[in-house]
Amino acid sequence: MIKAEQKPLEEILLYLKSYDRILLSGCGACVTVCQAGGEKEVGLLASALRMARMKMGTPLEALEATPARQCEPEFAAELSETVEKVEAVLSVACGVGVQTLARHFPKTPVFPGVNTTFLGETVTHGVWEERCQACGNCILERTGGVCPVARCAKQLFNGPCGGSSKGKCEIKREADCAWQLIYDRLNGLGQLYRMEEIIPARRWGVESRDSGLRRIVREDLKV
Amino acid sequence: MVNFEPKIVAFCCDQSGYPAADMAGGLELNFPGNVEFVRVPCAGRIETLYLLKALERGADGVLIFACYEENCQFLRGNLRAKSRLSYAHRLLEKIGLEKERIEICHLATNCGPKLAETLHRKSEQLKKLGPNPAKI
């Protein structure tokens, strides 16, 4: 799922310095799971903002809402009545959610309350790690389910590089070498022969973000 | 501030803090004038939000009365409360409030006098800090 981290309070206070009445909107999906922008975090941030502004002598009224998925226009529409009552919106959803609200409410400023960080997995409670870069052409079938695009610092398709040492990466020594993980996994599956298959260079300019905005169209689903 | 009687919200674990408060009451120990006890089934039930909300809604200080470490009936409830407290302290610093306004005290059921002493000490400390400037 999408992972995010709350922005520093000082930065958020700066965005909101000229507003007295805002809506703080969370999201019930990904950012709830990584505890950056769910209902609980909305309550906590709203409380912190109210107290900080009270202490500064400029009280802030912060309304709270947490739609099920902020990135869906239908759920954004549910906020319409509330948004009419406020001067600005602070969204603690991912960057997609922020943009959905911005598109939906053209006359209301929408500010981001979190930094959207990566697509990741929960390693353990309170720890999340990057697993996918949405590169547009998945090769996990060839690498035993371990992604070298997201997990190898050099994004090597035919690793490991010469810097892998004792299973660790030379760029980030606390991180596991992705190609060591791929080797171990293929070894466990009895598929080590896959290490000898050359993975051809990708057409990054066609398949990935390099060619600009990506879009998926399903004609059968359109209404 | 001569007549300032700080408002303290005291979250009490049902396995230690609450029976200790009960014992202190039975011993007719004196409490500061403005304390509100909140009974919780375990200190692990106390969310960071509760600590902040207490301050936002009018408390000058917050105390958590939890079991001694390694003595939690639910194994890690008191440790969870401790880590949430340190998160709340970080938030207080960013808000611009003194982190001393929220504190944890570990005790057991037979610690009525310790509970009363802690409340008095906290009350004196809050009198020196003054009223919570961020309460709404």
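Entry 1. I began with the second largest pocket of this predicted model, and found that β7 and α7 (148-151) of chain A each supply at least two residues of its lining. The lining of this second largest pocket comprises 18 residues, and those nearest its centre are E129(A), A150(A), R151(A), K172(A) and A175(A). By class I noted 9 nonpolar, 2 polar and 7 charged residues in that lining, and the space in the second largest pocket comes to about 440 Å³.

Entry 2. I then looked up the largest pocket, which holds about 1200 Å³ of space and is lined by 34 residues, with C34(A), Q35(A), E41(A), W128(A) and Y87(B) nearest its centre. I saw that α3(B) gives the most to this lining, with 8 residues, and that the lining of the largest pocket divides into 16 nonpolar, 7 polar and 11 charged residues.

Entry 3. Which chains meet, and through how many residues? I found 13 residues of chain A in contact with 17 residues of chain B. The area buried between chain A and chain B is about 1400 Å², with carbon and sulfur atoms giving 71% of it; L44(A), M51(A) and K55(A) supply 44% of the area that chain A buries against chain B, more than any other three residues.

Entry 4. Between chain A and chain B I noted 2 salt bridges, including one between R50(A) and E56(B), whose closest N and O atoms are 2.9 Å apart.

Conventions
Residues are numbered from 1 along each chain as its sequence is written. Chains are lettered from A and ligands numbered from 1 in the order in which they are written. This is a predicted model: local features need pLDDT of at least 70, side-chain atom pairs count only at pLDDT 80 or more; totals for chains, interfaces and linings use all residues. Side-chain values use heavy atoms; hydrogens and water are left out. Contact means heavy atoms within 4.5 Å. Buried area is the accessible area (1.4 Å probe) that two parts lose on being put together, summed over both. A salt bridge is a side-chain nitrogen of Lys or Arg within 4 Å of a carboxyl oxygen of Asp or Glu. On a 1 Å grid over the protein atoms alone, a cavity is a set of points where a 1.4 Å probe fits but cannot get out, and a pocket is an open set with protein on both sides within 12 Å along at least five of seven lines; lining residues have an atom within 4 Å of a point. Grid points are joined across faces, edges and corners, and a volume is the space filled by probe spheres set on the points. Helices (H or I, at least four residues) and strands (E, at least two) are DSSP runs, numbered from the N terminus. Ala, Val, Leu, Ile, Met, Phe, Trp, Tyr, Cys and Pro count as nonpolar, Asp, Glu, Lys and Arg as charged, and the others, Gly among them, as polar.
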